[in-house]
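Reader: I've got a new model open and could use a quick tour. Can we go through it together?
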Amino acid sequence: MRNGSIPGTRGRVRALALLGAPVLHTPCEDVTDFGPELATLVEDLFATMYAHEGVGLAANQIGVPLRVFVYDCPDDEELRHLGHVVNPRLVETDGVVLRGPEGCLSLPGLEAGTERHDHAVVEGFTVTGAPITVHGTGFFARCLQHECDHLEGKVYADRLTGRRHRKLMRQVARSAWHRVS
């Protein structure tokens with residue numbers, strides 16, 4: 001992306017993979033080619049995330065099994081965090097573990113109380129291959145952990161147990177998108 005450009009303006013909105021799609025439940029592969037195809041993928045991720053009013057989106061959520069995600073997410077102080085990470089690794093989680101409402105574009109319209117650490121650190125690369133480290137607190141830390149989970153083949157429902165998991169799965173079964181897919 002050029003400096004100063006608005007992410008996603010040159011991207012196209014792609015179809016979302018919904019819960020149950022195999023691509024969401026398989027660990028993603030590392031990116032090895034930092035060329036124009038990767039830049040296009042990042043633009044498409046932003047365009048798709050914005051079109052669906054999300055705060056983060058992983059590549060496998062649009063059917064691409066590569067370790068890439070984008071975000072435009074506030075933290076608990078309403079400070080906006082905007083960017084992308086290629087080949088991210090969640091290298092640190094600490095702080096208080098909080099249960100908070102969590103949703104996902106691959107489970108549209110649903111959310112459940114999910115436990116996450118209040119601080120997270122992700123290391124990876126930019127679309128041009130430059131190393132980056134992203135620190136998140138509060139809601140943004142939740143977002144970073146959520147997107148890293150996607151790239152490991154997990155969705156937030158996989159973190160739920162007992163009554164919360166059963167309740168969410170009943171909601172999934174009743175959802176219009178699940179009956180259609």
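Reader: Which element gives the largest share of the lining of the largest pocket?
Author: Helix 2 does, with five residues. Keep in mind that this is a predicted model.

Reader: What is the volume of that largest pocket?
Author: About 400 Å³. Its lining has 21 residues, and those closest to the centre are Gly54, Val55, Gly103, Cys104 and Leu105.

Reader: How do the lining residues of the largest pocket divide into nonpolar, polar and charged?
Author: Nine are nonpolar, seven are polar and five are charged. Strand 3 (80-103) supplies at least two residues of the lining, and so does helix 2 (138-151).

Reader: Back to helix 2. How many of its residues are buried?
Author: 13 of its 14 residues, so helix 2 is mostly covered.

Reader: And what distance does helix 2 reach from its first C-alpha to its last?
Author: 21 Å, close to the 20 Å expected at 1.5 Å a residue.

Reader: What follows helix 2?
Author: Gly153 does, and its phi is positive, near 85 degrees.

Reader: New topic. Where does Thr128 lie?
Author: In the loop between strand 4 (111-125) and strand 5 (131-137).

Reader: Is Thr128 buried or exposed, and why?
Author: Thr128 is exposed, because its relative accessible area is 65% and the cut-off for exposed is over 50%.

Reader: Which side chain does the side chain of Thr128 make a polar contact with?
Author: That of Thr126, at 2.9 Å. Also look at Asp33: it is 95 residues from Thr128 along the chain, yet their C-alpha atoms are separated by 9.7 Å.

How values were computed:
Residues are numbered from 1 along each chain as its sequence is written. This is a predicted model: local features need pLDDT of at least 70, side-chain atom pairs count only at pLDDT 80 or more; totals for chains, interfaces and linings use all residues. Side-chain values use heavy atoms; hydrogens and water are left out. Helices (H or I, at least four residues) and strands (E, at least two) are DSSP runs, numbered from the N terminus. Buried means under 20% relative accessible area, exposed over 50%, partly exposed in between (1.4 Å probe, protein chains only). A polar contact is a pair of N or O atoms within 3.5 Å; within protein, one must be able to donate a hydrogen and the other to accept it, and residues adjacent in sequence count only if both atoms are side-chain atoms. On a 1 Å grid over the protein atoms alone, a cavity is a set of points where a 1.4 Å probe fits but cannot get out, and a pocket is an open set with protein on both sides within 12 Å along at least five of seven lines; lining residues have an atom within 4 Å of a point. Grid points are joined across faces, edges and corners, and a volume is the space filled by probe spheres set on the points. Ala, Val, Leu, Ile, Met, Phe, Trp, Tyr, Cys and Pro count as nonpolar, Asp, Glu, Lys and Arg as charged, and the others, Gly among them, as polar. The expected span of a helix is 1.5 Å times one less than its number of residues.
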